[in-house]
Amino acid sequence: MEQEPLLFSLLFFIAFAIYLFFGLYLIHRNPKATLNRMFLAMCVSLCLWSLGFAIANSAPDIETCLLWRRVSALGWSTIYSLMLHFLLLLTGDGYSKRSRKLFLLLHLPAIVSIYVFAVSPEITAMQYHLAKLHTGWINITAQNGWDTFFNIYYITYGVACLGVIWFWRCKASDQAVRKQANILLLSIAMALLLGSLTDVILNTTGQRSLPQMAPIFTLLPIMAVYHAMKYYNLMGEGPKGENELILSNETRSKLYVYLAFAFIAGGFTSTLSYFLPHMVQGEKSLQAMLFTGIMLFFLGVMTLCAQLIKNERVKESVVLIGMLCSIPVVTFQFMDYAGITIWVFPLVLMTTSLVFGTRVPLVLLTAVSIATQLLIWVNSSAEVVHLDRFDYIARIGIFLIAFFIGSFVNTAYIKRIKENTYQIEFQTLVSEVSSDFVSVTQLNIDENIHNMLHKIGRFFQVDRAYIFLINHQDSTMTCSHEWCNEGINPEVEAIQDVPLDVFPWWMEQLDRNKLVSIEDVSKLPEEAEVEKEQLTQQGVKSAIVIPIEENEQMLGFMGLDSVGSFNAWSKYHIKLLKILSNLLADGLIRINSEKRIEYMAYYDHLTGLPNRTLFSDRLTQSIHLAKRNEKYIGVIFIDLDSFKMVNDTMGHSAGDTLLKKVSQGLEQRLRKTDTVARFGGDEFLVMVNNLADNEDIIKVVENLMEMFEYPFNVDGQELYMTGSAGVAVYPFDGADAETLTKNADIAMYMAKSRGKNQYALCTTDMKEEVKQNIKLSNYLYRVQERGELIIYYQPQIKLNTGKIIGLEALLRWNHPEMGMILPNTFIHLAEMNGTINSIGEWVLKTAIRQNKLWQDKGYPHLRMAVNLSVIQFNNPRFVNSVEHILQETGMKPEYLELEITESIATKEAGNIVDILNQLKQLGVSISIDDFGTEYSSLNRLKELPIDRIKIDMQFVQGLEGNEKDQAITKVIINLAKGLGLEVLAEGVETAPQLEFLNQKMCDEVQGYYYYKPMPAEEIEKLFK
């Protein structure tokens, strides 16, 4: 046979081998990926093309050549449609998800080409005009309509492939994708160009010096795909298999694939004899090698196909059958030509079987190897190689020795691998448990513990795993978590709050030995009779318990029970359980710390009640629920009356005890679904949810107020305490927690203002008043700078002369929106927001400056009375401020009178006398305003350096017809006279009032009967 055709056939055969190996390799990487499967289909098509050319090119006759040409047509007819389909999938066009009609339409030209060039005998005969050259058989193009059809088909699809890759490259933003597209674009373009040159152009022009080389040039795109796979992870590997004892699913699959590749490689090697006949001893040897190649190739394909089987046992059996069949096939085929060496082939397979997790493959391979040798012994021919019987006995002996050595190696290997696997599984268990407990919270602690117990139970192969937590305050233990194997009854519900002394031997062992290890429950000592009875009742045969500790204090313990069999707990088991116990202890310590932090953040440390933060959160949640259920929510704000007196008289410890008693009383009078919280100090908040009627809240608050009708036992003493409460109802008094709490607080202060020891419901008027006060309070800032404050002056008359002897400065706020506002509306707001000091100083300075201005104009020298706030009076710089203003204006002190309220004079701190004395030393006069409206201490009154008492107008205005007001006014006048003080009556509006005061010898009067308050301009007119 000529050498050149064989050389080209060998090139085609090598291309066939490369295509086949690439296809098998890619499908092995990810058998389930659609893209990998489509690439395998492409490789199969190229295999048919190149294999057909390999045999046809060096065929001995035209009939054989035509046959393999038709086989190759199956490949070159389909490769273009399969390549386009592959590229559509690769570039993400999603073509594979379209309808079946479009799928058939894509491959329709390929189907037609197969029929024309491979299937139909009549049409096929017209397409092939075979001629033999020195390079092998070639086909001369018929140049008919079918040739034109195929040329249009492959050119159109080839250009389409280039277009798909070009658009993929253009729309890709990833640089790696663009590089892949460039490589594929260049390789496919070169393959099409070179293939067209040798298969079409040269064939059409008659220059037929070379065979059609397109199958060789198509290696370029395949190598480009391999490059993209290696460097850009194109068609990456599929998911990894689960771990097994020795071989994981992934490793086992690789072993099978390598074995299949070995079979196929052997088949290729044997088949190469067809292309290298000069290296074969004879026709019989050539036939043997070709048959062996086919059989090995078949075994390799069978082994690869076995990878599609999901059942691992069936898959292993199929591969083992292939290995067993290969021994007699190879041995019998080569016994006449390689009888001395071929017997070693089974040893290779026996060595391979050592890595399996069982001896079965090794035993079967040994048995088949010995049986094959026995058959060869009986049927072998001695024509070529002469072997005596001892040689066969020696071979069988070597197989047996290899079996026993392999069996020992396999046993030792499996034992060691089991230990390593056990270590790996435990490390995996520890890693998983550690990972779970790194992020453990109160929300997932139970789930994580249950998962841990499940894994521990499975790992140690026990029937029950459980955890007991110890309450050292109550000296009890509780089974908090439990995992049970199938068929085992749980005990977690039955073992709750069990006293520690119920199982004394158990607890003593844990405390002293840090371990309870029981291999056989029936052999427990007499002192463990209680424990033995309990475990026997549960059907436990063996048990082991490890303590869970924090700083030598036992938090609880973790135990494992074996019900179905007896277990001997080794030191290794104990060590592993201690590691898991420490992990669990760390998790429990973290949760306990988290609970302590949460308690500090959301609960009151004294009463144990929720604080305002947690109350607000619960109230918000209840509001969301009430919106859906259309229910009402009541918020009650409770403040203890005169609680400060308890702390002052009985001590803060007694006050704390009282707060605890009040907390307990409130909780006892509420439902479990309601919430009582300590708002701060002596204030409590109550949330009553799920109310069907807003009137129900009245019943609840009245029930709570009844608690204050009974005494509280504080340190053995009965102590009566009252409280004031305000009530707000959702949704009438607010739609959020903050608004409801604020309105309940408003209502509570309203209850206090009405006399305490009562409750008040929040009303619209209350809320409007608060809104108005907030608005006014904000406006008070920098009110002087805006020039909105003005002072009115009301003359004071000397009764016996009827002349003006003084003026009282009365503050007014000329608001740009609300008009003129009287001081009783905004002074208390100024006292609360701190603006009273600046406002008071402005009033004092303005009044003094105005009085001095009038004096300088020659008007009568009159005293100017200015009202003081308690906030001003408590200002340590107040006396200096008065002195400074007097010096700055130049007005003499005797023309300034400072008015203080009765509460300042009688109830404020003891330094009031010192401050008044300092003012007196300046030369100013002091008067008590609104005298008689509050409780006055006469003993206190005689100590004060005051000059004048002003009778409140409510007594003056009741003088007509009210004998009590007359009596009170008479007493006040007589009291002042007795103390050597002057008396001024405010609010005189009628002549009878004036006459009564004149008769009782009142010194001065002030009121509308004479003059109303008026601005400075009108006072000047009055002077004129």
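Predicted model: local features only at pLDDT ≥ 70, side-chain atom pairs only at ≥ 80, totals over all residues.
## The protein as a whole

The protein holds 36 helices and 24 strands. Of its 1024 residues, 47% are buried.

Contacts in the protein also tell us how the chain folds back on itself. Taking contacts between residues at least 6 apart in sequence, 67% join residues at least 24 apart.

## Two helix pairs

Two packed helices are described by the angle between their axes and the distance between the axes. With that in mind, look at helix H29 (residues 878–889) and helix H31 (residues 912–922), whose axes come within 10 Å and cross at roughly 15 degrees. Because angles under 35 degrees count as roughly parallel, H29 is roughly parallel to H31. The crossing of H29 past H31 is right-handed. On the H29 side, the residues in contact are Phe878, Val879, Val882 and Glu883, and they meet Ile915, Gln918, Leu919 and Leu922 of H31. Sorted by class, the residues of this contact between H29 and H31 are six nonpolar, one polar and one charged.

The second pair is helix H24 (residues 737–753) with helix H25 (residues 764–780), which pack at an angle of about 100 degrees with their axes 10 Å apart. Angles of 65 to 115 degrees count as roughly perpendicular, so H24 is roughly perpendicular to H25. H24 contributes Asn743, Ile746, Ala747 and Met750 to the contact, while H25 contributes Met766, Lys767, Glu769 and Val770. The contact of H24 with H25 has five nonpolar, one polar and two charged residues.

## Aromatic rings

Aromatic pairs are another feature to look for, and the whole structure has 28 of them. One of these is the edge-to-face pair of phenylalanine 637 and phenylalanine 679, with 5.1 Å from centre to centre and 65 degrees between the planes. This pair links distant parts of the chain: phenylalanine 637 sits in strand E9 (residues 632–640) and phenylalanine 679 in strand E10 (residues 675–680), 42 residues apart. Both phenylalanine 637 and phenylalanine 679 are buried.

Tryptophan 854 and phenylalanine 1023 form an aromatic pair that is also edge-to-face, at 5.6 Å centre to centre and 90 degrees between the planes. Here, too, distant parts of the chain are linked, since tryptophan 854 lies in helix H27 (residues 836–856) and phenylalanine 1023 in helix H36 (residues 1016–1023), 169 residues apart. Tryptophan 854 has a relative accessible area of 1% and is buried. Phenylalanine 1023, at 18% relative accessibility, counts as buried as well. Elsewhere, ring pairs link a cluster made of Trp76, Tyr80, Phe117, Phe150, Tyr153, Tyr154 and Tyr157.

Next, pick out arginine 948, which belongs to strand E22 (residues 948–951). Its relative accessible area is 7%, so arginine 948 is buried.

Which residues does arginine 948 touch, not counting those up to four places away in sequence? They are Arg863, Glu897, Ser925, Ile926, Ser927, Ile928, Glu982, Leu984 and Glu1004. Glutamate 897 is 51 residues from arginine 948 along the chain, and their C-alpha atoms are separated by 9.4 Å.

## Backbone details

Some points of the backbone deserve a look too. Tyrosine 730 and proline 731 are joined by a cis peptide bond, with omega at about 10 degrees. Proline 731 is in the loop between strand E14 (723–730) and H24.

Lysine 514 is not a glycine, yet its phi is positive, at about 55 degrees. This lysine 514 is part of the loop between helix H17 (504–513) and strand E6 (516–518), and at 24% relative accessibility lysine 514 counts as partly exposed. Aspartate 930, another residue other than glycine, has a positive phi near 55 degrees. Aspartate 930 is found in strand E21 (residues 925–931). With 28% relative accessibility, aspartate 930 counts as partly exposed.

Key
Residues numbered from 1 in each chain as written. Heavy atoms only, no water. Axes fitted to C-alpha atoms, helices over the stretch in contact; angles between N-to-C directions. Helix = DSSP H or I, 4+ residues; strand = E, 2+ residues; numbered from the N terminus. Parallel < 35°, antiparallel > 145°, perpendicular 65-115°, else oblique. Left-handed = near helix turned anticlockwise from the far one by under 90°. Contact = heavy atoms within 4.5 Å. Nonpolar A, V, L, I, M, F, W, Y, C, P; charged D, E, K, R; others polar. Phe/Tyr/Trp six-rings, centres within 6.5 Å; stacked < 30°, edge-to-face > 60°. Buried < 20%, exposed > 50% of the residue type's maximum accessible area, 1.4 Å probe, protein only.
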